[in-house]
Structures are given as structure tokens and as C-alpha cells.
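Let's go through some labels together and see what stands behind each one. Ask away, and each answer will set a value against its cut-off.

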Amino acid sequence: MDNLALITIILPFVGAFVTGLSKRHFAPIAVLFAALAMLGTIAVGWSWHVSGNSVISYDLVQVGNTAIFGITLDAVSTLIAFAVVALGFLICLYSCGYLTDKNREHPHNGKPRFYAFLLIFIGAMAGLVYSSTLAGQLLFFEITGACSWALISYYQTPKAQAAAMKALLITHVGSIGLYFAAAYLFSQSGTFSVTALETLPADAKVLVLFGVMFAAWGKSAQLPMQIWLPNAMEAPTPVSAYLHAASMVKVGVYIFARAVMSAGDIPHIVGEVGIIMAMITLIYGFLMYLPQTDLKRLLAYSTITQLSYIFIGISLAALGSKLALIAAIAYIFNHAFAKSLFFLIAGALSYATGTRSMPRLQGIMKTMPLIGTGFGIAALAIAGVPPFNGFFSKFPLFAAGFELANTYPWITWLMILALVESVATFVWLLYKFGQCVIGQPSDDVLNAQPITFSMKLVLIILMIMSVVSAFIASWWLG
């Protein structure tokens, strides 16, 4: 299993090297390596499952007796690794149809560097998710930051370059927290292993967890480091779908969840700070996406609010709720598929019509029924309406919150506020669905061109996953 996991991490990096050297057929090569990496995560997960579902760790890089990098295989790492790598494969496949000179918003034939950096990102995500040490997490954390800069600035316009630099600087400021956490953990325990958190005294545990939380805020666009995400929409839409729905923004919540899982008894201050900051960010994100008319910017602010829900779940877990931890992990998994679908719907609309402005996108269902259906499924999944996957993330999270409120009464009011936001999100997305999907087509929609086969195939797969991913997560997490 350790060899399988290591091969899965390395394959995308090898693919990036081959793709970068290719002058022709670089897109199919990238798709092939992404597919092989996805199969690797399936093989790793299944091998772990049939071995008895116990937590397995391997130390792969050591200096003396200190493990610098290792691999942890459990229900969480195998599930999330599949999500981030499988979505990377789907984004590669979608990009083959999207990055062409027929794209009405960005007529541009893709270049090898796009696919090479995307593959590096996929490999770095696999490495970070499987990593058993803070040093390993930090290495891949920084690689994702460099790749995000390259991919956000891909079109090389002044706005894209400024947005990429903002993302790099802000997420790098966040990484200071992870540097501190890794250094302090080593100074206190003599190891970088995340599991060593449990052996620390309470004060040291708080400092390490706050360091990880600070890094998580930067990567997952939470207040006060949220401002980079809306600007990052200058990236090609497949990049937005992968970095800002499936992978990069999930780095923060994942490393925080992994730290909370490994820390044992956690001082309450960690959960209290986490949930209060998440609630403030939730309200901010909701208020900011209400006036948006650009579909991708609306989805960017919506992503900030959805990540806040995951932080709420992990913070509730830090206060002692096991159900909240399961809900948060399921939320990471389910949201990745639903929000990727929504971003790729936005990409399909811009490809077909040349615009992402919602006032110009009306009557989609009559001329583009597949895209209209995908819009509706994505909106309902994000809003948490059954039977779509978002419901099976939000319901256990709210159940855990109200259950924990028996011990911490103040949590009741925060959960009621979150519930109000969830209902308001449903109403707002329903309004946007009616505005964009139903009714008579606008001129832009009437003159839309068909999308490519690869784009259609990916949208169909993600529509299916927006229903079934919740059942996969429930079965896998037990």
C-alpha cells in the first residue's frame, strides 16, 4: 500500500514533465496520467479497505530517527485523495474541450504549461492528503501555492497576474502558521508526526492547533484572509473549478481536520475561536454574493460560505462532537463535486455564449437543456436540498451542533443563525435559477454554440456524483 500511494503521488509529477516537453498531443498525455493517478487512489483505497480498515502509517523519508515525510492511510485520507485526484482527471478531460479557439469568451488553444501545472497540482494534493507529518504537509502546501500562481495567471493579462500574485502572497502569509506549527511540534515532541499532537501538554497543543488554523484560514479563504479568492476568478474556468472548489481551498480545511483528528483532548478555546470566526465569515460571504451578477464571482463568495460550514463542523469536533467531524469530512467530499459542477456549468455558459453575466443568461433550459439541468442540480446540491449530496452534509452538521448545544448553550444561537443563512441561500439560488434557467431565452442564449463532447461527459458525471457522492462518503466513513 505504501508503494501504491507513493506511485499515485509521483505519477502526476512524471506526467507534468512529459507533458511539458510535448509539443503535440500534450492534452491527451495529461488526461492519461491524471486517469492513472485516479486509478491509483482507487487501488490504494480498496487495498486499505480489504486490509481491515485500520489506520496504517508508513515513514518514507527519515533523518536519523525523525520522520520527515510519511503516509497515513485511513478512511479520511483515502476518501479525500480519491476526490481531489478524480476531480483533477475530470478537469483535465473538460479542459480538452474548453481550451480551444472556439471558446467565445477566451478563444485560446491550450498550452503544455497549463496541463503540466495542473498535473503538478494533482500530485501535490495527493501528497498533502496522504502525508502523516506536518513537514510533508508543508512541502505540498507550498507546491500548491506555486501552482495556483501559475494557473491563476495563465492568460497573462494584467488582471490575471495581479490576482495570481495576491493569491500567492496571502496564502503564503497563511503558511507562516504551518511553519510555526511544524517547528513548535518538533521542538516539543522531537517529531513532525501529526499524531504527536496528542502527547503535547494543553498549552503547546493550543499553539500548534492555532498555527494550523491560521494556515487553514489563508488557504481556505476565511476572514481575515479571504480577499484573494474572488479575484482569482481571472483564471480559466477549469482552474477555478479545481483550485477553488475541489482542491486548493480544501487544503486548509483538510489540514485543520487532520490536526483535530490527531490531537486527542483539545482545549475548548480552539473550537470556540474556530466556530466564531467561521460564523463571521459565513455572514460576510452571504452578504457579498447577494449583489453579484458575474456567475463566477457569485460562486467564489458562495465557496467562502460553504467552507465556513466545514470550519464550523471541525470546530464542533474540537469541542467534542464525533458526528460533527464525520459531517465535516463528508462536506469536504460532497462540496467538491457539487461546486465543481457549478463552476463548470459557468464555464460551459461562457464557452457557448461568451458571457458569465447572469442578466444576459436567461432561458438556458430551452436552448441548452443539459446545462440548464446541471445549473439546477448544482444549485440544489449547494443549498442542501434532498436528495442531493449537500443535504447529507448539512443535516448531520446541524444535528451535531444542536446536540452539542446541550453542553454549550451559546452554540444554539450560532446554529440558528447558520440555519437561517442556509434557508436564505436556498431562496437566493432558487431565484437565480428562475432568472437564468426558466423563461424566454435572451439573445446571447439564443445564439449559443454547442459545447464539446468532453465537456458534456464531465458535466453528466458530476451531476451523477452530486447525488451519489453522499452515499459513497456515508459508506466509506462508516
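Q: Why is Phe391 called partly exposed?
A: Its relative accessible area is 24%. Buried means under 20% and exposed over 50%, with partly exposed in between (1.4 Å probe, protein chains only), so Phe391 at 24% counts as partly exposed. This is a predicted model, where local features need pLDDT of at least 70, side-chain atom pairs count only at pLDDT 80 or more, and totals for chains, interfaces and linings use all residues. Residues are numbered from 1 along each chain as its sequence is written, and side-chain values use heavy atoms, leaving out hydrogens and water.

Q: And what makes Phe392 partly exposed?
A: Phe392 has 31% relative accessibility, which puts it in the partly exposed class.

Q: Which class does Phe192 fall into, buried or exposed?
A: Phe192 is buried, because its relative accessibility is 16%. Phe186, at 34%, counts as partly exposed.

Q: Why is the pair of Phe186 and Phe192 called stacked?
A: Rings of Phe, Tyr and Trp (its six-membered ring) pair if their centres lie within 6.5 Å; planes under 30 degrees apart count as stacked, over 60 as edge-to-face and the rest as tilted. Here the centres are 4.8 Å apart and the planes 15 degrees, so Phe186 and Phe192 are a stacked pair.

Q: What makes the pair of Phe391 and Phe392 edge-to-face?
A: The ring centres of Phe391 and Phe392 are 5.1 Å apart and the planes stand at 85 degrees, so this pair is edge-to-face.

Q: How many aromatic pairs are there by this rule?
A: The count is 25 aromatic pairs. Ring pairs also join Phe26, Phe114, Tyr115, Tyr154 and Tyr155 into a cluster.

Q: How do you know that the charged end of Lys219 sits over the ring of Phe141?
A: The rule asks for NZ of Lys or CZ of Arg within 6 Å of the ring centre and within 35 degrees of the ring normal. The charged end of Lys219 sits over the Phe141 ring, 4.3 Å from its centre.

Q: How many disulfides does a search of the whole structure find?
A: The search finds zero disulfides.

Terms used
A disulfide is a pair of cysteine sulfur atoms within 2.5 Å.
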